[in-house]
Structure formats: structure tokens, C-alpha cells
Amino acid sequence: MSRTNTYTVTGMTCDHCVASVREEVGEVPGVSDVDVDLASGRVLVTSESPLDDAAVRAAVEEAGYQLEGSGATS
């Protein structure tokens, strides 16, 4: 059963930003899909197992942006 975590990323201003976040977060172990909404900063991360929020935060920071709070699972 897949899980979806919702995160908010700040600092993104263009499609290149979206691509960078999608690429970095997509490399976190267990992630199967990443959907980024530039306007809201919302990032939906789908995985097959629980995600390590610290790993997602590190990936977002590696892309050059900031993660607000921790992920909410749905």
C-alpha cells in the first residue's frame, strides 16, 4: 500500500526549481513519485513505506531550498 506525504518547500521560483526538487527528493530511498506544485510550494511524495522526514529535508536542502515542518501522511 502506498503512502503520500505532503511537504511545503519555500524558495522555489521557476520550473527549474521544481525539477531540482523533484530530482533530489526522487532519489530518497523508497520514493516512487514526486509531484511539485510551484505556486503553493506543496510537494507530494509517494512511497511504499514510511519516509524519513530528515532524508526528505536533506534532499530539499541539497536542491537549494527549505522544507517547512515535517510531512503529513495520507
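**Exercise 1. Find which residue in S3 is the bridge partner of asparagine 5.**

Step 1: Asparagine 5 has valine 45 as its bridge partner in S3. Before you go on, note that this is a predicted model, where local features need pLDDT of at least 70, side-chain atom pairs count only at pLDDT 80 or more, and totals for chains, interfaces and linings use all residues. Residues are numbered from 1 along each chain as its sequence is written, and side-chain values use heavy atoms, with hydrogens and water left out.

Step 2: Now zoom out to the strands. S1 and S3 pair in the antiparallel sense, over six bridges. Two strands count as paired if DSSP finds at least two bridges between them. Strands (E, at least two residues) and helices (H or I, at least four) are DSSP runs, numbered from the N terminus.

**Exercise 2. Work out how S2 and S3 are joined and paired.**

Step 1: Look at residues 31–36 for S2 and residues 42–47 for S3; they pair in the antiparallel sense over five bridges.

Step 2: Check two of the partners. Valine 31 goes with serine 47 in S3, and aspartate 33 goes with threonine 46 in S3.

**Exercise 3. Decide whether threonine 46 is buried or exposed, and list what it touches.**

Step 1: Threonine 46 sits in strand S3.

Step 2: Its relative accessible area is 17%, so threonine 46 is buried. The cut-offs are under 20% for buried, over 50% for exposed, and partly exposed in between (1.4 Å probe, protein chains only).

Step 3: Leave aside neighbours within four places in sequence, and threonine 46 is in contact with Ser2, Arg3, Thr4, Gly30, Val31, Ser32 and Asp33. Contact here means heavy atoms within 4.5 Å.

**Exercise 4. Do the accessibility check for alanine 19 and cysteine 14.**

Step 1: Alanine 19, in helix H1, has a relative accessible area of 38%, so alanine 19 is partly exposed.

Step 2: Cysteine 14 lies in the loop between S1 and H1. Cysteine 14 comes out at 30% relative accessibility, so this one is partly exposed.

**Exercise 5. Describe the largest nonpolar core.**

Step 1: The core has 20 residues, and those with the most contacts inside it are Val9, Val21, Val43 and Tyr65. A nonpolar core is a set of buried Ala, Val, Leu, Ile, Met, Phe, Trp, Tyr and Cys residues joined through side-chain atoms within 4.5 Å.

Step 2: Two or more core residues come from each of strand S1 (3–10), helix H1 (15–26), S2, S3 and helix H2 (53–63).

Step 3: Now pick out tyrosine 65. Not counting residues up to four places away in sequence, tyrosine 65 touches residues including Val9, Cys17, Val21 and Val60.

**Exercise 6. Find which residues of H1 meet H2.**

Step 1: On the H1 side you get Ser20, Val21, Glu24 and Val25; on the H2 side, Ala59, Val60, Glu62 and Ala63.
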